[in-house]
Amino acid sequence: MIAKFEQRLLVALRAFNHILHAFLAVALVLASLMVVWEFSVSVFHAIQNNNLAHGFLQALGTLFIVWTLSSLISAEINFVQTGVFHVVVFIEVAMITLLRQLISEPVRSATAGQSVDEIFNSWHYGLLLASLLVIGILHKLVTSSSKKEL
């Protein structure tokens, strides 16, 4: 009796998990479409207002978000096909986020018309570079260990 209940519970949980992953997949696709739309609108407004520096900033930030969503969609495809979710996806998303911050912050500050002293915070950028280095090393360790397993 208990074994049958546990078996039914596991079947119900697996079905619910599949529904959740379908919802996640649809949400990721919708988010990607909205970000691509935002990218198109930003480029159009930048060209229309002849403000290419600010448009470059918007487009670059948006492309990094598209890159993140693409990584998550790939991970979701892999999970649905194999049932395995790799931790390297989270590492890649963290790396993309740090790269986005390193690249977009100086451009945003420069387009805001601030002086160089107000723009550059060596402590902040040093921490960003250090975290990017740590994430890069972690990525290398995780990917090299997964290649050895195969």
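## Questions about the model

Visitor: Where does Asn50 sit?
Guide: First, the ground rules: this is a predicted model, local features need pLDDT of at least 70, side-chain atom pairs count only at pLDDT 80 or more, and totals for chains, interfaces and linings use all residues. Residues are numbered from 1 along each chain as its sequence is written, and side-chain values use heavy atoms, with hydrogens and water left out. Helices are DSSP runs of H or I with at least four residues, strands are E runs of at least two, and numbering goes from the N terminus. With that settled, Asn50 is in the loop between H1 and helix H2 (52–82).

Visitor: Is Asn50 buried or exposed?
Guide: Buried means under 20% relative accessible area, exposed over 50%, and partly exposed in between (1.4 Å probe, protein chains only). Asn50 has a relative accessible area of 67%, so this residue is exposed.

Visitor: What is the phi of Asn50?
Guide: Asn50 isn't a glycine, yet its phi is positive. This residue follows H1, and its phi is about 55°.

Visitor: Which pattern does the protein follow along the sequence?
Guide: Count the elements and you get five helices and zero strands. Read along the sequence, that's α-α-α-α-α.

Visitor: How far does H1 reach from its first C-alpha to its last?
Guide: H1 has 47 residues.

Visitor: How far apart are the end C-alpha atoms of H2?
Guide: H2 has 31 residues, so at 1.5 Å a residue it should span 45 Å. The model agrees, with the end C-alpha atoms 44 Å apart.

Visitor: What do the buried residues of H1 pack against?
Guide: The buried residues of H1 are His21, Leu28, Ser32, Val35, Ser42 and Ala46. They pack against H2.

Visitor: Which residues does His21 contact, leaving aside neighbours within four places in sequence?
Guide: His21 is found in helix H1 (residues 2–48), and its 14% relative accessibility is why it counts as buried. Contact means heavy atoms within 4.5 Å. By that rule His21 is in contact with Glu76 and Phe79.

Visitor: Which residues of the protein make the nonpolar surface patch of about 500 Å²?
Guide: Such a patch joins nonpolar side chains (Val, Leu, Ile, Met, Phe, Trp, Tyr) within 5 Å, from residues with over 30% relative accessible area and no salt bridge, a salt bridge being a Lys or Arg side-chain nitrogen within 4 Å of an Asp or Glu carboxyl oxygen. Areas come from the Shrake-Rupley method with a 1.4 Å probe. Leu33, in helix H1, is a member and counts as exposed because its relative accessibility is 55%.

Key
Patches are made of residues with over 30% relative accessible area and no salt bridge: like charges are joined within 9 Å, nonpolar side chains (Val, Leu, Ile, Met, Phe, Trp, Tyr) within 5 Å. The expected span of a helix is 1.5 Å times one less than its number of residues.
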